[in-house]
Amino acid sequence: MTFIDFKKQQFHLEECSATALAEQYGTPLYVYSKAQLLDNWQRFTRYWPAPHRLCYAVKANSNLAILQLLAAQGAGFDIVSGGELKRVLKAGGKAESVVFSGVAKSVEELTFALQQGIGCINVESAAELERIQMVAQQLGLMAPVSLRVNPDVDAQTHPYIATGMKANKFGIAMADAMPVFRRAHELPNIQLLGADCHIGSQIMTPAPFLDAAERMFQLVERLQSENITLTHLDLGGGFGVSYEGTASLDLEAYLTGVLKMAENYPQLTLVLEPGRAIIADAGVLLTRVEYLKETDDKRFALVDAGMNDLLRPSLYQAWHDIVAVDEANNGRGKLVDVVGPVCETGCFLGHARHLTITGGDLLAVKHVGAYGFTMSSNYNTRAKPAEVLVDGANSFLIRARETFDDLIRGERLLDRT
Ligand SMILES: *Cc1c(COP(=O)(O)O)cnc(C)c1O
């Protein structure tokens, strides 16, 4: 179901028109639909009965209000830094509902996580396991851990977001995993809960997921034969979203397929870590056309949002639908490149779009709720945009637009030159 679409020829998020939002809050502006977020969350919970758990991947969108809404739904969280843990706690999430991923956790981050009572640390290497033992011993507590195994499956996605192949930096190679599990089983301050994997992001078919799951269940059996019993199996995130409007991942097929495999392992609580699939299509970026520029063979719309606001097109050659908020201005007209103000040829939002636009028009870049604001930067000394949440006919500012003073906070002039 979609809550973001044209109504009476005007682009809306729920009952709020994009034009009115842009007037009230300015542009560029990230806007999220609460109804879409909750609908996406419930698509997962419908097929994923307790005691199995869902841990929302915070890095997709870490705004406190978004985390607060998910915490109220009973979500757990998947984090990749101490900062993300602080966000979860601030938003009302519980440390015991959190799994802590990430390849290079510092002593400081591990200490903080253990002191807070983290639910599980996803260990990415043998060296990290030794560090966790040391920190847990110093704190005089048991560290709950899962070992991240690399199941060596090809997720058939963009190389920058494929994480489950041998050549990636993530996890412990399946071939090297057994000794690390034995070691974890023996260490005095380690409570070995289970195993985890995350094979990549934006995966569009159930096959690679089911492949990985099968290998993980085989690992559980191999460990069981050595009397190492796991109670927790975390199969990661990576659920694909259709940016182009084509068929998206058949979530029901995957979730029911995995639950079927798990029937033989009643001791296992399964965990998933969806990020993108929860929030991507719940967010749009509103941007205004500053100028039009025409050369012999090109038409450019120079807009007020750039790669510092939305990096995905520049970083991953990601395609996002861009619509004129006046419905009549879509699908016609000459091809336009929608480009941003940052001084890089790579600063663009979309190439060759059929749009009829004039200076001052408002555009909406769709499906930017995930890895949109969280990857934004201040490059070119540009303030990060405001974020707004829409609920029916109401809208709420959930992050104020940055000011110049925000940008230079912490910088110091020299006493003398
Ligand atoms: C990024 C990440 C996720 C979420 O991936 P999505 O593609 O957004 O679902 C889940 N788990 C881990 C370990 C991650 O690094």
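Reader: Which residue ranges make up domain 1 and domain 2?

Author: The bounds come from an automatic or database domain assignment, and residues are numbered from 1 along each chain as its sequence is written. This is a predicted model, where local features need pLDDT of at least 70 and side-chain atom pairs count only at pLDDT 80 or more, while totals for chains, interfaces and linings use all residues; side-chain values use heavy atoms, leaving out hydrogens and water. The chain splits into domain 2 (102-272) and domain 1 (4-31 + 280-408).

Reader: How much area is buried between domain 1 and domain 2?

Author: Their C-alpha centres sit 36 Å apart. The contact (heavy atoms within 4.5 Å) draws on eight residues from domain 1 and seven residues from domain 2. Buried area is the accessible area (1.4 Å probe) that two parts lose on being put together, summed over both. Carbon and sulfur atoms give 64% of it here, and the total is about 730 Å².

Reader: Which residues of domain 1 lose the most area to domain 2?

Author: Three residues together account for 59% of what the domain 1 side buries. They're Tyr316, Trp319 and His367.

Reader: OK, the ligand: which side chain has a polar atom 2.5 Å from a ligand nitrogen?

Author: Polar contacts here are pairs of N or O atoms within 3.5 Å. Asp78 has a side-chain N or O atom 3.2 Å from a ligand nitrogen, and a backbone N or O atom of Gly275 is 3.0 Å from a ligand oxygen. The 2.5 Å one belongs to Glu273.

Terms used: A polar contact is a pair of N or O atoms within 3.5 Å; within protein, one must be able to donate a hydrogen and the other to accept it, and residues adjacent in sequence count only if both atoms are side-chain atoms.
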